[in-house]
Amino acid sequence: MLARTELSPQEALVCTMVLVAAAHDGITDREIGTMSALVQTLPVFHNFTTTQLELASDAAISLLREDDGIAHAMRLIRGALEPRLRETAYVLACEVIAADRLAGQPALRMLEMVREGLGIDGLLAAAIERTTRARHQRL
């Protein structure tokens, strides 16, 4: 994604997941598994292959290595997604963070940056976060 000027909607969704996963010391196997499972099962990724997931993930990581990479990524993501898919992007970001049971402050700060960058209303964000938390409860 170096010097990219636009993303497809599916690439933008993957980029959002990679942003939150890469917020700490690296992307965990659990986060990779979660991203792969989401791509394989959600209707928004219909006809998006695991090869495309790998390419989009690698490109997102390259984008993040740019000067001002996070801001550039957020501009591309927001530009690629219509408002209803911005909500989907936020749900996916929450799912990736929930997959990493040790998600700390860097991941939570990145989630906040994603929420703001996508223009997600605070009440909607709270509802999405609470739903995600409920889905990932353990006995």
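Tutor: Let us begin with E82, which is partly exposed because its relative accessible area is 42%. Please keep in mind that this is a predicted model.

Student: Which side chain does E82 meet in a salt bridge?
Tutor: The partner is R84, and the N to O distance is 2.8 Å.

Student: Is R84 buried or exposed?
Tutor: R84 counts as exposed, because its relative accessibility is 55% and the cut-off for exposed is over 50%.

Student: Why would two such side chains pair at all?
Tutor: Side chains of opposite charge can pair when their charged atoms come close.

Student: How many salt bridges does the structure hold?
Tutor: There are three salt bridges in the structure. One of them joins R75 and D68, with the closest N and O atoms 4.0 Å apart. Both R75 and D68 are exposed.

Student: And what does E95 pair with?
Tutor: E95 forms a salt bridge with R135, and their closest N and O atoms are 3.0 Å apart. E95 belongs to helix 5 and R135 to helix 7 (residues 122–135), so this pair ties together parts that are 40 residues apart in sequence.

Student: Where does E95 stand, buried or exposed?
Tutor: E95 counts as buried, because its relative accessibility is 6%. R135, by contrast, is exposed, with a relative accessible area of 56%.

Student: Which helix does helix 5 cross?
Tutor: Helix 5 (residues 83–99) crosses helix 2 (residues 29–41) at roughly 145 degrees, and the two axes come within 8 Å. The crossing is right-handed.

Student: Which residues make that contact?
Tutor: From helix 2 they are R30, E31, T34, M35 and L38, and from helix 5 they are L92, E95, V96 and A99.

Student: What does L64 touch?
Tutor: Leaving aside residues up to four places away in sequence, L64 touches V18, L19, A22, G69, I70 and A73. As for A22, this residue and L64 are 42 residues apart in sequence, with 8.9 Å from C-alpha to C-alpha.

Student: What about S57; which helix is that in?
Tutor: S57 is also in helix 3. S57 is buried, with a relative accessible area of 13%. With residues up to four places away in sequence left out, S57 touches V14 and V18. V18 is also among the residues that L64 touches.

Student: One last topic: how many aromatic pairs does a search of the whole structure find?
Tutor: The search finds one aromatic pair. The ring centres of F45 and F48 are 5.7 Å apart and their planes lie at 45 degrees, so the pair is tilted.

Student: Are those two residues buried or exposed?
Tutor: Both F45 and F48 are buried.

Note on methods
Residues numbered from 1 in each chain as written. Predicted model: local features only at pLDDT ≥ 70, side-chain atom pairs only at ≥ 80, totals over all residues. Heavy atoms only, no water. Phe/Tyr/Trp six-rings, centres within 6.5 Å; stacked < 30°, edge-to-face > 60°. Buried < 20%, exposed > 50% of the residue type's maximum accessible area, 1.4 Å probe, protein only. Axes fitted to C-alpha atoms, helices over the stretch in contact; angles between N-to-C directions. Helix = DSSP H or I, 4+ residues; strand = E, 2+ residues; numbered from the N terminus. Left-handed = near helix turned anticlockwise from the far one by under 90°. Contact = heavy atoms within 4.5 Å.
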